[in-house]
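Okay, thanks for coming, everyone.

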Amino acid sequence: MQGTEPALEVTDLTAGYGPVHALRRVSLTVPAGAVVTVLGGNGAGKSTLLRAVSRTLRFHGGAVVSGTVSCGGRPLDGLPPDRVVAAGVSQVPEGRQVFARMTVEDNLRAGALGRRADRTERAQALRRVHALFPVLADRARQPAGLLSGGEQQMLAVGRALMARPELLLLDEPSLGLAPLMAARIADAIREINGQGTAVLLVEQNAALALRLASRAYVLEVGEVTLSGPAAELAASDEVRRRYLGVVDEDAAADAARARTDHPALSRWDPAAPGGTGSRPRDRRQETR
Ligand SMILES: Nc1ncnc2c1ncn2[C@@H]1O[C@H](COP(=O)(O)OP(=O)(O)O)[C@@H](O)[C@H]1O
Ligand SMILES: [Mg+2]
């Protein structure tokens, strides 16, 4: 996954659970080496998107209906999940999902199983994880279930890094964490990216995600409704009001400024390729 090929290219992805389409014709790109975020309220389809990329949707009773996913120019369509990990894509699932009874050390070891590596590479991966999250070295022999929520999130991220991914998929890493711990996770994401790993971050915490990402997409009821550079989304009145909790008067004043400052923000357009032309305006969800 070297060079200028995007770390991830999702094209016209439709996926769901039985008759329910949780994603409709979603397209997005994570450029090589970038952090890209997908914002959206509860039930918008964020986890479904990550599961479709990691090919784990069927473990949740779902399936990809149509569309393509490629990583560093290589298609992932039809691969089993272990081959996706071997191709350089690791997912940190929603709710962390660490193995509570296993030690911290063994959780990390499990993460390394997904990718072929010699002993030196594994030791390097472990050193990287311990440097990022020293608490995982200090508590190596303890059962993972004894860690705090934030430490478990560190372990879940560390476990994913043990497969030495080129693209890391993060499903709401800040969920349920105190602000200070969420900020520490954000610092770690920045550092991981600084070391060359591309990141697709899905979050309800838009303020945190927009600080980390260079590009952002808004997902609403399974469709991309807004996308653009993260700084421009952060300045958009709609995003500020609905995802950043900014009150209307501020948003209106800022929006006037943002419109002149940031004319490039691309809005959902029924006439554009990928638009379905039938998005009801009232299917909205409010978050915090
Ligand atoms: N395992 C599942 N079985 C059936 N429907 C599901 C399942 N998981 C999610 N859904 C539905 O798919 C839609 C998108 O959910 P999800 O991707 O979990 O959203 P988000 O992660 O943005 O909260 C929701 O309507 C949700 O109820
Ligand atoms: Mg989710």
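Before the strands, one bit of bookkeeping: two strands pair if DSSP finds at least two bridges between them. Helices (H or I, at least four residues) and strands (E, at least two) are DSSP runs, numbered from the N terminus. This is a predicted model, where local features need pLDDT of at least 70, side-chain atom pairs count only at pLDDT 80 or more, and totals for chains, interfaces and linings use all residues. Residues are numbered from 1 along each chain as its sequence is written, with chains lettered from A and ligands numbered from 1 in the order in which they are written.

So, let's start with S3, residues 35-39. S3 runs parallel to S8, residues 198-203, with 5 bridges joining them, and parallel to S9, residues 215-220, with 4 bridges. Look at leucine 39: across from it in S8 is glutamate 203, and in S9 it faces valine 218.

Next, the open sheet. Four strands are ordered S2-S1-S4-S5, with antiparallel pairing. S2 and S5 (74-75) are the edges, each pairing on one side only. S4, residues 63-71, is joined to S5 by 2 bridges, and cysteine 71 has arginine 74 in S5 as its bridge partner.

Now, ligand 1. It has 13 residues around it, the closest being Tyr17, Ala22, Lys46, Ser47 and Thr48; a residue counts as near if its C-beta atom, placed from the backbone, lies within 6 Å. S2 (20-30) and H1 (46-54) each put at least two residues into that shell, and H1 gives the largest share, 3 residues. By type, the shell has 4 nonpolar, 8 polar and 1 charged.

Last thing, confidence. The protein averages a pLDDT (the predictor's confidence in each residue, from 0 to 100) of 87, and 84% of the residues score at least 70. S7, residues 167-171, is highest at 98, while H11, residues 248-261, is lowest with a mean of 59. Over residues 269-288, pLDDT stays under 50. Where pLDDT is low, the predicted coordinates should not be read in detail.

Note on methods
Nonpolar A, V, L, I, M, F, W, Y, C, P; charged D, E, K, R; others polar. Buried ≥ 20, exposed ≤ 12 C-beta atoms within 10 Å, placed from the backbone. Contact = placed C-beta atoms within 7 Å.
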